[in-house]
Amino acid sequence: MSNTPETVIEARGLTRRFGSLTAVDDLDLEVGRGEVFGFLGPNGAGKSTLIRMLVGLLAPTEGSAQVLGFTIPGQAESLRARLGYMTQRFSLYEDLSVEENLEFAAEIFGLPRRTRSERVERSLAEYGLHERRRQRPATLSGGWKQRLALAVATIHRPEILFLDEPTAGVDPDNRRRFWEKIFELAGDGATVLVSTHYMDEAIRCHRLCVMRQGRTAAVGAPEDLTRKLEGRVVQLVAEPVDDAIAELRTLDSVVSVTQLGHMVHVLLAPDAAGGAEAQAPELAARLRRAGLACTLAEPADPNLEDVFVALLEGETLGASGSEP
Amino acid sequence: MSRTRLPSRFLRRAWTAYQRLVGWLIIRIEATKRGPRLIAASRRTRSVARKEVRQLRRDRLTMGFIVGVPAVQLLLFGYAIEQDVRHVPSALVDQSNTAVTRLLAGQLEATQTFDFVRRPADEASARALLERGEVRAVVVIPADFTRAYHRGRGAEVSILVDATDPTLARAVAASAEGLAERHNQRLERFTASAGEGSLRAPPRRNRFGVQPELIHPQFLEIAVLDLYNPELRTALFVVPALLGVILTTTMIMMTALALVRERERGTFEFLIATPVGRMELMAGKILPYIAIGFIQVLIVVVTGLVLFRVPIEGRLVDLAVASLVFIAANLTLGLVISATTSSQFQATQVSFFFFLPSVLLSGFMFPFESMPAPARWLGELLPLTHFIRLSRGILLRGSSLFDQPIELLAMALFTAAGFAAAARLFQKQLG
């Protein structure tokens with residue numbers, strides 16, 4: 001997605017402080033039309049603050065942003081009808097029915113009376129909310145609530161859709177459907193910005209911004225990000241697993257150790273001599289010296305979690321490769 | 001059949017005519033330069049208001065408050081705290097003891113204010129009864145009463161009242177004075193041309209036989225007879241003021257909570273991300289409560305009329321206009337509270353912080369004139385003070401709005417200041 005056709009969001013040096021806390025720190029961002037752009041980061045990394053600034057609900061302390069050519073937050077009001085925003089916390093009316101919530105949104109977004117009820121009907125159908133139209137959101141389960149929230153956020157067919165951790169606490173099946181919907185919307189030409197802390201969701205984004213303490217740790221397509229860790233991952237099979245993991249964690253050449261089923265997944269330090277090819281037999285030998293059985297040690301493909309871990313460890317993942 | 005159809009057909013016609021008028025207006029407005037934006041803004045305002053009404057209708061507790069608060073407060077203040085004093089246990093010392101004095105004693109008892117439970121022989125023993133609290137009032141008819149009465153020379157009766165309870169003292173004085181006045185008026189009719197004036201008496205009830213000092217209460221200042229509430233009925237005085245108090249409590253509280261509730265439930269974040277403007281949002285939030293305010297005015301005025309015979313001397317239009325401005329003043333104050341607090345709990349507390357001075361300093365609890373100057377100044381800042389003056393004037397004295405333009409102006413100023421403050425404080429922003 002480096003051949004971005006048109007930039008719809010552009011931020012320069014965006015900063016937001018709350019007292020002594022800097023939630024978003026000197027952040028640059030560019031998002032092209034039609035992209036599904038993800039924000040990945042731990043809690044408190046500044047994802048929500050960033051989204052709120054881009055929607056125009058929070059004024060940046062420093063820096064500026066342009067959304068669809070309008071300056072945020074000064075001209076945010078003229079943009080409202082072109083943006084959709086789904087809040088992290090459910091923010092619709094619990095005492096209005098599903099249908100009434102949709103109707104209210106349709107009215108307030110100024111849909112003409114003729115198309116309004118038709119649009120509400122279509123939304124109910126599209127999101128499978130038909131049988132629940134008279135139900136109050138209070139009686140809906142988490143997955144259904146999220147569906148309703150997305151239906152409301154898209155009732156006016158926004159050009160840019162901001163989704164702040166839309167699938168937190170939703171079961172995998174509903175998450176999968178939710179993401180199908182996101183790609184459908186993107187296919188219709190909407191730009192989608194979505195924050196998450198699920199790796200399996202992050203990897204589905206066209207591009208990804210990994211955030212750490214309010215800053216951009218890395219930006220790029222998920223496959224480009226993982227490619228940067230090529231030659232740094234080793235997988236092992238060792239017995240007993242607990243002791244093997246404990247032993248590996250003492251090594252300077254190892255950044256992180258994760259157990260994946262029977263496998264032990266090892267991320268090597270960037271300065272580990274010879275990379276994965278050389279380190280694999282080395283690690284096996286090391287484990288055997290410690291009196292443990294090691295039946296397999298081979299280089300493996302890095303995954304997004306490795307990227308995440310490496311970034312959290314403070315690595316910058318070099319400027320090589322494909323920044324847009 | 002036809003009789004029931006007639007009004008419905010008329011209503012339907014009126015409705016279509018109204019809709020046509022609105023449609024025509026919309027087209028005309030839309031044709032102007034800023035028209036389309038204006039129409040869009042008013043539509044958004046209307047949807048916020050409609051949403052608010054929907055939510056209100058489902059909130060049974062709040063709906064109960066809207067009807068219940070005026071009813072309960074009116075009954076409490078009107079009945080339970082009814083300050084009409086009756087059946088005061090009294091002693092009668094009749095040292096004259098003639099047909100005339102017995103008649104007078106009978107008339108005093110007929111006012112229902114006095115219950116002559118004891119009839120001691122002299123004033124000294126009567127005073128002892130008063131001191132022991134066995135009676136609360138003593139009526140002394142001196143030995144020379146009958147003679148003075150027949151001569152038309154200021155026959156005096158003294159009433160000693162236990163003035164530890166000023167309300168009781170006031171009521172006793174008023175009742176006795178009322179009796180004296182009625183008595184004199186009756187004599188006036190009999191001796192229409194007899195007029196030999198007394199030198200000491202005020203002109204108001206002095207021209208004839210029996211003198212104004214017929215009743216001369218001691219121990220307490222003489223209560224001035226209120227021209228518009230001759231029976232000094234508390235309900236008369238309280239109900240118009242209570243109208244203002246009820247509107248203050250419910251209106252401020254409801255709007256104070258209206259916006260904060262959105263904030264607390266998280267719906268605020270959804271709302272401010274929509275194209276609804278600040279002013280539209282505030283107006284839409286306020287509109288339903290103006291209607292509710294009028295419902296309350298109706299409840300209070302009708303209940304006051306039916307249960308307490310509170311008259312409506314002035315014009316209802318004047319009362320409606322005064323109420324509208326007053327409701328608006330309270331609603332904007334509620335908006336200011338809403339814009340500055342972050343939880344319903346805080347909003348409630350700030351509202352109460354405002355209620356207390358409103359109730360105490362507005363002339364509802366204590367006569368405004370008897371308050372010290374700083375308290376009066378503070379009182380003048382409160383919209384309730386001005387509304388009470390207006391509502392008492394309109395309901396009891398039959399005055400019009402233009403008799404007290406300052407009061408209306410003061411409330412309007414308060415509203416404007418409140419709205420400006422709310423508009424400044426309320427931002428479509430988080431944090």
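Modeller: Start with the chain as a whole. This is a predicted model. Chain A has ten helices and 14 strands. Its C-alpha trace spans about 75 × 45 × 40 Å along the principal axes. Of the 324 residues in chain A, 44% are buried. Take the contacts in chain A with a separation of 6 or more: 69% of them join residues 24 or more positions apart.

Now the sheet. Six strands of chain A form an open sheet, in the order 6-7-8-3-9-10. The pairing is mixed. Strand 6 (83-86) and strand 10 (215-220) of chain A are the edge strands. Each of these two pairs on one side only. On average, neighbouring strands of the sheet are turned by 15° against each other, direction ignored.

Strand 7 (residues 160-164) and strand 8 (residues 191-196) of chain A run parallel. Five bridges join them. Within this pair, A:Leu161 stands opposite A:Val192 of strand 8.

Two helices that pack on the sheet come next. Helix 1 (residues 47-55) of chain A is one of them. Helix 1 touches strand 3 (36-40), strand 6, strand 7, strand 8 and strand 9 (207-212) of chain A. Its direction makes about 155° with that of strand 7. Helix 10 (residues 304-312) of chain A also packs on the sheet. Helix 10 touches strand 3, strand 9 and strand 10. The direction of helix 10 makes about 35° with that of strand 9.

Another helix pair in chain A deserves a look. Helix 2 (residues 98-108) and helix 4 (residues 142-153) of chain A have axes that come within 9 Å and cross at roughly 25°. Because of that angle, helix 2 is roughly parallel to helix 4 in chain A. The crossing is right-handed. From helix 2 of chain A come A:Val98, A:Asn101, A:Leu102 and A:Ala105. They meet A:Leu148, A:Ala151 and A:Val152 in helix 4 of chain A. The residues of this contact divide into six nonpolar, one polar and no charged.

Last, the partner chain. The contact takes 23 residues from chain A and 19 residues from chain B. On the chain B side, helix 2 (35-58) and helix 9 (267-272) each give two or more residues. Helix 2 of chain B gives the most, with seven residues. The chain B side divides into seven nonpolar, seven polar and five charged residues.

Conventions
Residues numbered from 1 in each chain as written. Chains lettered and ligands numbered in written order. Predicted model: local features only at pLDDT ≥ 70, side-chain atom pairs only at ≥ 80, totals over all residues. Pairing = 2+ DSSP bridges. Helix = DSSP H or I, 4+ residues; strand = E, 2+ residues; numbered from the N terminus. Axes fitted to C-alpha atoms, helices over the stretch in contact; angles between N-to-C directions. Contact = placed C-beta atoms within 7 Å. Nonpolar A, V, L, I, M, F, W, Y, C, P; charged D, E, K, R; others polar. Buried ≥ 20, exposed ≤ 12 C-beta atoms within 10 Å, placed from the backbone. Parallel < 35°, antiparallel > 145°, perpendicular 65-115°, else oblique. Left-handed = near helix turned anticlockwise from the far one by under 90°.
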